[in-house]
Amino acid sequence: MLEIFKSIPAGGTIFNCIAVILGSIIGLAAGKFIPEKTNDTIFNCLGLFTIYVGINMALKMEHSIAVLLSLVLGAVTGEFLGIETKLNSLGNILKAKIHTSNAKFTEGFVNATLLFCVGSMAIIGAIEDGLRHNPEILMTKGIMDCIAGSMFAGAYGIGVMFSVVPLFLYQGAITLGASWAESVITESMYANISGIGGLMIMGIGLNMMKITRLKLGDMLPGLVYVVFFTMMFA
């Protein structure tokens, strides 16, 4: 299977998207058999596990000040640009297009998009696929996303499946620009990207458990800021 996706442009991203769709279908099918009263329990369990994943990623950061500055400036920039609002609007547009009555469609779409796109594995894998035509990292990520997608789809519904649209555009763009990214991004940058991504993923978990209502989409510019601040602190 690896050889098949090696021969396809952006094959790793395509595999990743197929895996998310497959996981979502499994989750949607299984979700029909879950009683409504158990939804809060499922959300709390998913939230706790998501926080755990975020902590593991956040602990990889090498320059905490660079990550903090990036997170703050990213959130301010994102709020100014209205990124969270635009993501929610996109989710609502997709919801209207497919004529679904799922109340959690947009929330599932936004949370799944952040979960699948924010991690450093998405960036490292996309660069590796673009430069060396090696989709192995993204295929591994795809299997992980398939499992996460099935759980999220069971809880949120079909909105999770539509996260493949921004996922494809995001990882595909990095793959196409890999020759530039490879020459700029260092190991320290990867570590700090993982760090800030981990903090955002922790935020997803906290939101799922209704402990906070963080606008995580607004924090996405922090992934760009952290590259420049790492260069300064390194």
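**Close-up views of helix packing in a predicted model**

**Figure 1. Packing of helix 2 on helix 8.** Helix 2 crosses helix 8 with right-handed geometry. In this predicted model, helix 2 spans residues 11-31, and its axis comes within 7 Å of that of helix 8 at a crossing angle of roughly 25 degrees. Angles under 35 degrees count as roughly parallel, and helix 2 is therefore roughly parallel to helix 8. From helix 2, the contact draws on G12, T13, F15, N16, A19, V20, G23, S24, I26, G27, L28 and G31. Helix 8 contributes L138, M139, K141, G142, I143, D145, C146, G149, S150, A153 and G154.

**Figure 2. Packing of helix 6 on helix 8.** The axes of helix 6 and helix 8 lie 11 Å apart, and the two helices pack at an angle of about 160 degrees. Because angles over 145 degrees count as roughly antiparallel, this arrangement makes helix 6 roughly antiparallel to helix 8. The crossing of this pair is right-handed. On the helix 6 side, the residues that meet helix 8 are F105, E107, G108, N111, L115 and F116. Their counterparts in helix 8 are K141, D145, A148, G149, F152 and Y156.

**Figure 3. The oblique pair formed by helix 7 and helix 11.** Two packed helices are described by the angle between their axes and the distance between the axes. For helix 7 and helix 11, the axes cross at roughly 140 degrees and come within 8 Å. The two helices are therefore oblique to each other. The contact brings S120, I123, I124 and I127 of helix 7 together with Y190, I193 and S194 of helix 11.

**Figure 4. The buried side of helix 3.** Helix 3 comprises 20 residues, 39-58, and its end C-alpha atoms are 28 Å apart, in agreement with the 28 Å that it should span at 1.5 Å a residue. The buried residues of this helix are N39, F43, L46, G47, T50, I51, G54, M57 and A58. They cover an arc of only 145 degrees around the axis, which places them on the same side of helix 3. These buried residues pack against helix 7 (120-132), helix 8 (136-156) and helix 11 (187-208).

Figure 5. G54 belongs to helix 3 and counts as buried, with a relative accessibility of 0%. Leaving aside residues up to four places away in sequence, G54 touches G198, L199, I201 and M202. L115 is 61 residues from G54 along the chain, and the C-alpha atoms of the two residues are separated by 9.7 Å.

**Figure 6. Burial and packing of helix 12.** Helix 12 consists of 12 residues, 222-233. From its first C-alpha to its last, helix 12 reaches 16 Å, close to the 16 Å expected at 1.5 Å a residue. Within helix 12, G222, L223, V226, V227, F229 and T230 are buried. The packing partners of these buried residues are helix 4 (64-81), helix 6 (105-118), helix 9, helix 10 (178-184) and helix 11.

Figure 7. S188 is placed in helix 11. Its relative accessible area is 18%, and S188 is buried, since buried means under 20%. Residues up to four places away in sequence being excluded, S188 touches E62, H63 and T230.

**Figure 8. The exposed residue L176 of helix 9.** Helix 9 covers residues 164-176 and includes L176. With a relative accessible area of 78%, L176 is exposed. L176 and M57 are 119 residues apart in sequence, and the distance between their C-alpha atoms is 25 Å. M57, by contrast, is among the buried residues of helix 3.

Figure 9. Most residues other than glycine have a negative phi. A10 has a positive phi, near 55 degrees, and lies in the loop between helix 1 (2-6) and helix 2. H133 likewise has a positive phi, near 50 degrees, and is located in the loop between helix 7 and helix 8.

Technical notes: Residues numbered from 1 in each chain as written. Predicted model: local features only at pLDDT ≥ 70, side-chain atom pairs only at ≥ 80, totals over all residues. Heavy atoms only, no water. Helix = DSSP H or I, 4+ residues; strand = E, 2+ residues; numbered from the N terminus. Expected span 1.5 Å × (residues − 1). Buried < 20%, exposed > 50% of the residue type's maximum accessible area, 1.4 Å probe, protein only. Arc of directions from axis to C-beta. Contact = heavy atoms within 4.5 Å. Axes fitted to C-alpha atoms, helices over the stretch in contact; angles between N-to-C directions. Parallel < 35°, antiparallel > 145°, perpendicular 65-115°, else oblique. Left-handed = near helix turned anticlockwise from the far one by under 90°.
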